[in-house]
Amino acid sequence: MEAEAKEKEEAEEGKPLISLFASFQDYLSNDQEIREEIKTVTRDLEKSAREVLAVLQAVHQSPSPEAVKKTCAKSRQMLTVVKSQYANLVEKIPAGQYYRFCDHWRFVSQRFAYLGAFIVYLESDRLITRPELAEMLGVQVERSSDGFHIDLDDFLTGLLLLANELSRFAVNSVTSADYGRPYKIAAFVAELDAGFRLLNLKNDSLRKKFDGLKYDLKKIEEVVYDLTIRGLKPAMEEAS
Amino acid sequence: MAAVGKQRRGEKRSRKQASESNFPKTQIDENSPIIKSFRKHQQELDSRHDKHERLVKCSRDVTIASKRIIFLLQRAGGADDQEPILKEADEKFLEVKELLKTIASELGGEDSYLFSRAYSPGLQEYIEALSLSHFLKNKTLISYEQVKATFEFSKEGGKDLELNPFDYILGVADLTGELMRLCINSAANGDKETPFEVCRFLRDIHDAFLSFGNVSRDVSSKLRVLKASMNKVEVACYTLKVRGSEIPQFALAEALNTDIISTQDRDN
């Protein structure tokens, strides 16, 4: 051992740069370690997201108000686990370095933004707010409060995923003879579209997702059109 | 003719716009909660994009200024008197420092990693220039701490700029390309010492880089370039050693260049 150490010392003497880079070496292994830990925690989050999604898919099968209510209650129940999982993740991230590692949980955060928005929409026909989502996941609302938050880009991406899901939901509502819902969804997504058009998006992934929104809107409008020309529009909707 | 065509195109466009404006516009209800929240999102996104743009611009300026310093320093290679050139470079570094200060103040209170893509290229170029000047002065590699020390503006009332170790490493990797040029230039100028010095130094950096292993794609690709640079320098040193004594001074540059071209061909 001693001889080895001596040899190493000699080698380092001959190569002064290696010792200069030693701290960088430490930095690298440390970085790798943190990433590994984050990966394990996000895996749990991804699993929960998949489970909640699977439960929520039931609304396509039975879009009756009672069934939807039950499904939402069940998914909300399941989301309570997520809070502790996010708390685990927060522990792993060094202070103020959210964006250094954010690629690891970007996808899953988008998923949760979408799931939260879907639940809130099913429950009360309105758009989720950022504070609501933060409350649901047990994270901070804004970056400025210095903690783990859902990035605005990810939140908006989640809303676009919601629009996509709603276009499917509109079709399935009609199949189960719920003719009122597509009208509501159409108004909601149209407003969402108007909201998104207020944003000045850069040419990034969010923008690409946004470009798909018009197709969702078109699909929903077609459903509304089909219902209208067949006189299937419920009387209640006409009055409003 | 061209002018007429242009005008016509212009007319067409204006007519098209007019017809578009005849469409009934969907009324945006400013009071709906969705629109209200999106107005807020709009502000947040815009301010973030603006900051990003400002940082990119600053970074571009740092890059340009640093490149100029590097060109200046290259003139020092093989020059009889390096002092005035190094001094001039030091003066130019002060200008770059002002720009870095601006970047630091833009980043104040932000998560610097969010904008790292905007300003990293500039920082790397700056580190390249700084390490080159350090090498010319001391014949050693500038350390991470030394670079970091130049980013401290808190004494002057500014904010410190965080130095990402990756930026340092990538900047050093870029330095090797400049060293290769320095080696060839000085050899062509008949300098018998600098090429070998540079060669030794490059090997040291290369060895240190090898110890990192496969950490990031950036580092690995730089390592490839580094190897190529080292190869060229080694071949140049070889040529100097073998033929240096035989070749007349004026033909030496040409001999070196042909060697380098042949290694380049092989690399490609």
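A crossing of two helices is called left-handed if the near helix is turned anticlockwise from the far one by less than a right angle, and right-handed if clockwise. Helix 9 of chain A passes helix 10 of chain A in such a left-handed crossing. The model is predicted, so local features need pLDDT of at least 70 and side-chain atom pairs count only at pLDDT 80 or more, while totals for chains, interfaces and linings use all residues. Residues are numbered from 1 along each chain as its sequence is written, chains are lettered from A and ligands numbered from 1 in the order in which they are written, and side-chain values use heavy atoms, with hydrogens and water left out.

**Helix pairs**

Helices (H or I, at least four residues) are DSSP runs numbered from the N terminus. Axes are lines fitted to C-alpha atoms over the stretch in contact, and angles run from 0 to 180 degrees between N-to-C directions. An angle over 145 degrees counts as roughly antiparallel.

In chain A, the axes of helix 9 (residues 152–175) and helix 10 (residues 181–197) come within 10 Å and cross at roughly 160°. Helix 9 of chain A is therefore roughly antiparallel to helix 10 of chain A. Contact means heavy atoms within 4.5 Å. Among the residues in contact are A:Leu159, A:Leu166 and A:Phe169 of helix 9 of chain A, and A:Ile185, A:Phe188 and A:Leu192 of helix 10 of chain A. In the classes used here, Ala, Val, Leu, Ile, Met, Phe, Trp, Tyr, Cys and Pro count as nonpolar, Asp, Glu, Lys and Arg as charged, and the others, Gly among them, as polar. By these classes, the contact of helix 9 of chain A with helix 10 of chain A has 15 nonpolar, one polar and one charged residues.

In chain B, helix 3 (residues 83–107) and helix 4 (residues 116–138) pack at an angle of about 150°, with their axes 11 Å apart. These two helices of chain B are therefore roughly antiparallel to each other, and their crossing is left-handed. The contact includes B:Phe93 and B:Leu100 of helix 3 of chain B, and B:Tyr126 and B:Leu130 of helix 4 of chain B. Its residues divide into twelve nonpolar, one polar and two charged.

**Pockets and cavities**

On a 1 Å grid over the protein atoms alone, a cavity is a set of points where a 1.4 Å probe fits but cannot get out, and a pocket is an open set with protein on both sides within 12 Å along at least five of seven lines; lining residues have an atom within 4 Å of a point. Grid points are joined across faces, edges and corners, and a volume is the space filled by probe spheres set on the points.

| Space | Volume | Lining by class |
|---|---|---|
| Largest pocket | about 1,400 Å³ | 13 nonpolar, twelve polar, 17 charged |
| Second largest pocket | about 360 Å³ | nine nonpolar, eight polar, six charged |
| Largest cavity | about 40 Å³ | five nonpolar, one polar, one charged |

The largest pocket is lined by 42 residues, and those closest to its centre include A:Tyr99, A:Asp103 and B:Arg117. Helix 3 (residues 22–56) of chain A gives the most to this lining, with seven residues.

For the second largest pocket, B:Ser112 and B:Tyr119 are among the residues closest to the centre. Helix 4 of chain B gives the most to its lining, with three residues.

The whole structure holds two cavities of 30 Å³ or more. A:Arg130, A:Gln140 and A:Phe155 are among the residues that line the largest cavity, and helix 8 (residues 130–137) of chain A gives the most to that lining, with three residues.

Methods: Parallel < 35°, antiparallel > 145°, perpendicular 65-115°, else oblique.
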